[in-house]
Amino acid sequence: TLNEKPLFSNKTDHIVNTMKCPPEAQELAWFVFRYFILPSSVYEISLSHRKRKDIMESLANPDYHLFDKVVKSVIGALRGNYDSYIRSDYFKNLITVIKTEKEKIAMEKKIEDKKFNSCLPMFR
């Protein structure tokens, strides 16, 4: 109708409006910040002071790429830790224990199967 306000008054308004996150995304950004980024938070992840500061500054007007650098940093750290972990004595010992338990369970199953099979002739 004629009395309605135009959706975008000029090209600049259009650009600004399309770059903003919806309120739900802003709430999610604050949730992630409170639980994972904020110093001494419940699930605080290790980040450089610079990355933490950048995120804090961006929270006033978050965009969809707010946590991209954090994700890359965390994945890089996990990859490095995982590679070290699978070469560690702890991991090798864990694999040995798991194999031993599997073999033990398999032997117990064979014994149970033999007992069960030996009872079958009674029911034929």
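This is a predicted model: local features need pLDDT of at least 70, side-chain atom pairs count only at pLDDT 80 or more; totals for chains, interfaces and linings use all residues.
Student: Which elements make up the chain, from the N terminus on?
Tutor: The chain has zero strands. Its helices number five. From the N terminus on, the order is α-α-α-α-α.

Student: What percentage of the residues in the chain is buried?
Tutor: Buried means under 20% relative accessible area. The chain has 124 residues. The buried share of them is 10%.

Student: What part of the accessible surface of the chain belongs to carbon and sulfur atoms?
Tutor: The accessible surface comes to about 10,900 Å². The part that belongs to carbon and sulfur atoms is 61%.

Student: Which helix supplies the largest share of the lining of the largest pocket?
Tutor: That pocket has a volume of about 160 Å³. Its lining is K51, D54, I55, S58, D63, H65, L66, K69 and V70. Two helices, α3 (49-58) and α4 (68-86), each give at least two residues. The largest share, four residues, comes from α3.

Student: How many residues of that lining are charged?
Tutor: Three lining residues are nonpolar and two are polar. Asp, Glu, Lys and Arg count as charged. In the lining of the largest pocket, the charged residues number four.

Student: Is R52 buried or exposed?
Tutor: R52 sits in helix α3. Leaving aside neighbours within four places in sequence, R52 is in contact with I37, L38, P39, E44, I45, S46 and L47. The cut-off for buried is under 20% relative accessible area. R52 has 9% relative accessibility, so R52 counts as buried.

Student: How many aromatic pairs are there, and why is the pair of F31 and Y35 classed as it is?
Tutor: The count comes to five aromatic pairs. The ring centres of F31 and Y35 are 4.6 Å apart, with planes at 35 degrees. Planes under 30 degrees apart count as stacked and over 60 as edge-to-face. The angle for F31 and Y35 therefore makes the pair tilted.

Student: What separates F31 and Y35 along helix α2?
Tutor: Helix α2 spans residues 23-37. F31 is partly exposed at 37% relative accessibility, and Y35 is partly exposed at 32%. The two residues are four apart in the helix, so their separation is about one helical turn.

Student: What class of pair do the rings of Y85 and F91 form?
Tutor: Their centres lie 5.2 Å apart. Their planes are at 65 degrees, so the pair is edge-to-face.

Conventions:
Residues are numbered from 1 along each chain as its sequence is written. Side-chain values use heavy atoms; hydrogens and water are left out. Buried means under 20% relative accessible area, exposed over 50%, partly exposed in between (1.4 Å probe, protein chains only). Accessible areas come from the Shrake-Rupley method with a 1.4 Å probe; for residues, only the protein chains shown count as cover. On a 1 Å grid over the protein atoms alone, a cavity is a set of points where a 1.4 Å probe fits but cannot get out, and a pocket is an open set with protein on both sides within 12 Å along at least five of seven lines; lining residues have an atom within 4 Å of a point. Grid points are joined across faces, edges and corners, and a volume is the space filled by probe spheres set on the points. Contact means heavy atoms within 4.5 Å. Rings of Phe, Tyr and Trp (its six-membered ring) pair if their centres lie within 6.5 Å; planes under 30 degrees apart count as stacked, over 60 as edge-to-face and the rest as tilted.
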